[in-house]
Amino acid sequence: MAGTPAADAPQADAPADAPADAPAAAPAAAGAAPATSARALLKQLQQEFPAFRDCLPLAIGIDKQLLARMPGLDRKTMRAALGIHTGSMRYLRAMEKAKVRHDLDGTAGAEVTDTHRLHAKEQLQQRFKKEADRKKAERDAAAEEEANRQRAEKLKALATKFSRN
């Protein structure tokens, strides 16, 4: 463990070569920001960055901005957190109406294309349809269960009625 602090110092001084030293940088980052779940990382991003907190449409390449600001961030966890965020209903609704994208600080940047707005709208429609289909299936199953229960009651009543005679 004596070699770990020495290994941390050059990486902190040279962020330009951080991607090349990503495996070595992971222990350094673990001390500052422990490897957490994607949801915990997303919560941290929402606390630190206005673009995440306010659910603003994110700039293309936001992952590179995150890696630059948070060296040693686990890429897999970061991508999972971004997936959760960009797949949320709140984000999709914001994207559907958005005109511009934002960087981590919330500063407006590039324009949101019609293609991306349409994609967000389609994703929302798919979700609503899927939810409606699920609810319909639940209602149908409940109705079928009730019909089976009533049928069983009638059969029992008939069996009781005719067994006495």
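Predicted model: local features only at pLDDT ≥ 70, side-chain atom pairs only at ≥ 80, totals over all residues.
The face of helix H5 that is turned away from its buried side carries two exposed residues, Lys64 and Ala68.

## Helix H5 and its surroundings

The buried residues of H5 are Ile62, Asp63, Leu66 and Leu67. Viewed down the axis of H5, these buried residues fall within an arc of 140°, so they line one face of the helix. The elements that cover them include H3, H4, H6 and strand E1, which spans residues 100-102.

Leucine 66 is part of helix H5. Its relative accessibility is 0%, and it therefore counts as buried. Leaving out residues up to four places away in sequence, leucine 66 touches Leu45, Phe49, Phe52, Leu73, Met78, Leu82 and Leu104. The C-alpha atom of leucine 66 is separated by 9.8 Å from that of aspartate 103, although the two are 37 residues apart along the chain.

## Overall arrangement

The protein contains eight helices and two strands. Along the sequence, these elements follow the pattern α-α-α-α-α-α-α-β-β-α. The protein has 165 residues, of which 22% count as buried. Among contacts with a separation of 6 or more, 60% are between residues 24 or more positions apart.

## The largest nonpolar core

In soluble globular proteins, nonpolar side chains tend to be buried together. Here, the largest nonpolar core has 25 residues, and Phe52 and Leu66 touch the most other members. Two or more residues of this core come from each of H3, H4, H5, H6, helix H7 (89-97) and helix H8 (114-164). The element that gives the most is H3, with four residues.

Which residues does phenylalanine 52 touch, not counting those up to four places away in sequence? They are Leu42, Leu45, Gln46, Leu58, Leu66, Leu82, His85 and Leu104.

Helix H3 covers residues 38-48, and its buried residues are Ala38, Leu41, Leu42 and Leu45. Seen down the axis of H3, they fall within an arc of 100°, so they line one face of the helix. On the other side of H3, the residues Arg39, Lys43 and Gln47 are exposed. The packing partners of the buried residues of H3 are helix H4 (50-53), helix H5 (62-69) and helix H6 (75-86).

How are H3 and H6 placed relative to one another, in angle and in distance between axes? They pack at an angle of about 70°, and their axes are 8 Å apart. H3 is therefore roughly perpendicular to H6. From H3, the contact is made by Ala38, Arg39, Leu41, Leu42 and Gln46, and from H6 by Thr77, Met78, Ala80, Ala81, Ile84 and His85. Sorted by class, the contact of H3 with H6 has seven nonpolar, three polar and one charged residues.

Cysteine 55 lies in the loop between H4 and H5. Although cysteine 55 is not a glycine, it has a positive phi of about 55°. With 5% relative accessibility, cysteine 55 counts as buried.

Alanine 98 is located in the loop between H7 and E1. It counts as buried, at 8% relative accessibility. Setting aside residues up to four places away in sequence, alanine 98 touches Pro57, Val112 and Arg117.

Leucine 124 belongs to helix H8. It is buried, with a relative accessible area of 2%. Apart from its neighbours within four places in sequence, leucine 124 is in contact with Met89, Leu92, Arg93 and Glu96.

| Residue pair | Separation in sequence | C-alpha to C-alpha distance |
|---|---|---|
| Leucine 66 and aspartate 103 | 37 residues | 9.8 Å |
| Alanine 98 and aspartate 114 | 16 residues | 9.7 Å |
| Leucine 124 and glycine 87 | 37 residues | 9.5 Å |

## Summary

Helix H3 gives the most residues to the largest nonpolar core, and Phe52 and Leu66 touch the most other members of that core. The buried residues of H3 line one face of the helix, and those of H5 likewise line one face of theirs.

Methods:
Residues numbered from 1 in each chain as written. Heavy atoms only, no water. Buried < 20%, exposed > 50% of the residue type's maximum accessible area, 1.4 Å probe, protein only. Arc of directions from axis to C-beta. Contact = heavy atoms within 4.5 Å. Core = buried A, V, L, I, M, F, W, Y, C linked by side-chain atoms within 4.5 Å. Axes fitted to C-alpha atoms, helices over the stretch in contact; angles between N-to-C directions. Parallel < 35°, antiparallel > 145°, perpendicular 65-115°, else oblique. Nonpolar A, V, L, I, M, F, W, Y, C, P; charged D, E, K, R; others polar.
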